[in-house]
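This report describes selected charged contacts, a surface patch and secondary-structure elements of a protein model. The structure under discussion is shown below.

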Amino acid sequence: MVSAPPLTRRSFGTAAALSALTLPVLAACGGGGSAAGDGDADTAVLKVGFPADSENWDPHQPPQTVTRAVARQIADTLVDQHPETGEIVGWLAEEWETDEDSSQFTFHLREGVTFSDGTALTAESIRSNFDRIIDIGPLAYIGASHLRGYTGTEVTDELTAVVSFDGPNAQFLQAATTQSLSILADSTLALDPEEVARGGPAVVGSGAYTFEEYVPGESITLVRRDDYDWGSQAYDNQGAAAYERVEISFIPDPTTLAGAVSSGQIDYAFSLDVSTIASIDTDRLHLSNVPTRGISFPLIPFVYREIFADEAVRRAINPATDRAEIAERIYQGQVEPATGLLTAATPGSADLSEFLEHDPDLARSILKDAGWTEGEDGIRVDEDGERLTLTIQYVGGNTLYEQLFQLLQTQWAAVGIEFVLKPVTEAESSEYGLYDAPYDLSTWTQGRADPDVLRVVYSSFYENQSFFFGNALPEIDEALLALQSTTDPDERAAASENAQRLLLEGGYSFPLIDAVSLTAASQQLAGIRLDAENKPVFADTAPA
């Protein structure tokens, strides 16, 4: 088992920031079509803008949207999920069977698939990849959570792999569509995980593009595979991509990113800041606002902090929070207030807005009944005179975050809660991990088109990912495990709702808004297809 460094504030803060207004592009700019496009159109280079670099480009390792977006282009998965219907469709596997209790999955692979280094995809490739994810342990914590209970992969012939678990794993087939379970070449699997994380040609998959170059802090270059003809059945084009190269530039300043797509310097701009929307000329650009699937954008309490040992404090936060005001003032009406722990677009979501109504009188009553009395300045104190103070630490300079936290300061002060903001530098943010923070709350979100995403974030199972790791909440863990025990959609929805109710009743999460993808694209493009997690599919992108 490879040990992983703790997930630092820098890494999980970056992931959350990218997910709040996440990366994927235009749902449809004028029809899906094939990637062939107009024969006279310039298809030499597709220019893309990302708002941030990543610390890690190994598809198996980090959850950051930018990494997963690149992995989508260079590495394929066993199956895919249709972005409109949610149906599981073929990709590297053309057929599959599942046993009665969802503990064994048999995949029949396509013939003729090769990795970009020329080696063939075989059933042994599936075994080697899944074994590697387990072997590197906490480094691949998302993939490892998808493979919970994995007992091995049996190779019954060159193109047949039987993946087995020690019990029901109803979420696995959908999990096999995600980039965390991408299939990589043996040449990549043989490398040290740190070398794979550095990106570039070392990351070899069977995707429509190859990873030609990575310049840290500047750019990524992808190059088309002309021999690619095994694309996902979820999309119109299953052959080679239209664009020969994809050049991705990292443009962290929101105004500069919006300006780059407005001026034509880039063809796509991902994750636009809401403050820049007014500058987008919709007569010249396609502007897209697409709801995301996965965890609603929350603040999550560190339950090991003394202040949150008090259930009343946890339970008072949600009624003290005015989500409608946040959606309108901070996100300029581009998002919807959260109605549960999953976004409304996520399969298995539930309308639990009864727990999220703005009711400051209720918040005051909860705190008063628990012995928190109002001080001279309006901030409540306990019987020992200790102020009711919550603290959050974040990397300074993110205007949207600072405005959000300042609004929460005002809202919570109205019920007697002091909210202290501590902006820090990137270096300072790396000093603490997920389980030793000297502050009380964190942002986080995770995209996935399946309710099982709740298990990863809100259980105690996974080091470096689960917020309650080392501080187990047994009733909630049990409720989350029920998501794995059945494939019946109604039963899974009921399990999802039960787990969310328990978390909200106990005050273990404070969901704020349903995240969206705010992006802009040149009208020189016929259409940009998104996968089920709203990541761009460059292989199905064509000029107008």
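## Salt bridges and their surroundings

Glutamate 84 counts as exposed because its relative accessibility is 57%. The model is a predicted one. The side chain of glutamate 84 meets that of arginine 529 in a salt bridge, with an N to O distance of 3.7 Å. Since glutamate 84 lies in the loop between strands E2 and E3 and arginine 529 in strand E22, the pair ties together parts that are 445 residues apart in sequence. Arginine 529, at 10% relative accessibility, counts as buried.

A search of the whole structure finds 23 salt bridges. Three of them are listed here.

| Glutamate 84 | Arginine 529 | 3.7 Å |

Aspartate 226 is exposed at 60% relative accessibility, whereas arginine 224 is partly exposed at 23%. Aspartate 452 and arginine 455 are both buried.

Arg68 and Arg72 are among the buried residues of helix H2. Because 10 of the 10 residues of H2 are buried, this helix is largely enclosed by the rest of the structure.

A negative surface patch comprises Glu94, Glu95, Glu97, Glu111, Asp157 and Glu158. Strand E4 supplies its largest share, three residues. Glutamate 158 is located in the loop between E6 and E7 and counts as exposed, at 58% relative accessibility. Strands E6 and E7 run antiparallel and are joined by six bridges; threonine 153 has valine 163 in E7 as its bridge partner. The hairpin between E6 and E7 passes through two residues.

Terms used. Residues numbered from 1 in each chain as written. Predicted model: local features only at pLDDT ≥ 70, side-chain atom pairs only at ≥ 80, totals over all residues. Heavy atoms only, no water. Pairing = 2+ DSSP bridges. Helix = DSSP H or I, 4+ residues; strand = E, 2+ residues; numbered from the N terminus. Patch = residues over 30% accessible without salt bridge, like charges linked within 9 Å, V, L, I, M, F, W, Y side chains within 5 Å. Areas by Shrake-Rupley, 256 points an atom, 1.4 Å probe, with all protein chains shown as cover. Salt bridge = Lys/Arg side-chain N within 4 Å of Asp/Glu carboxyl O. Lys, Arg positive; Asp, Glu negative; His and termini not counted. Charge placed at Lys NZ, Arg CZ, Asp CG, Glu CD. Buried < 20%, exposed > 50% of the residue type's maximum accessible area, 1.4 Å probe, protein only.
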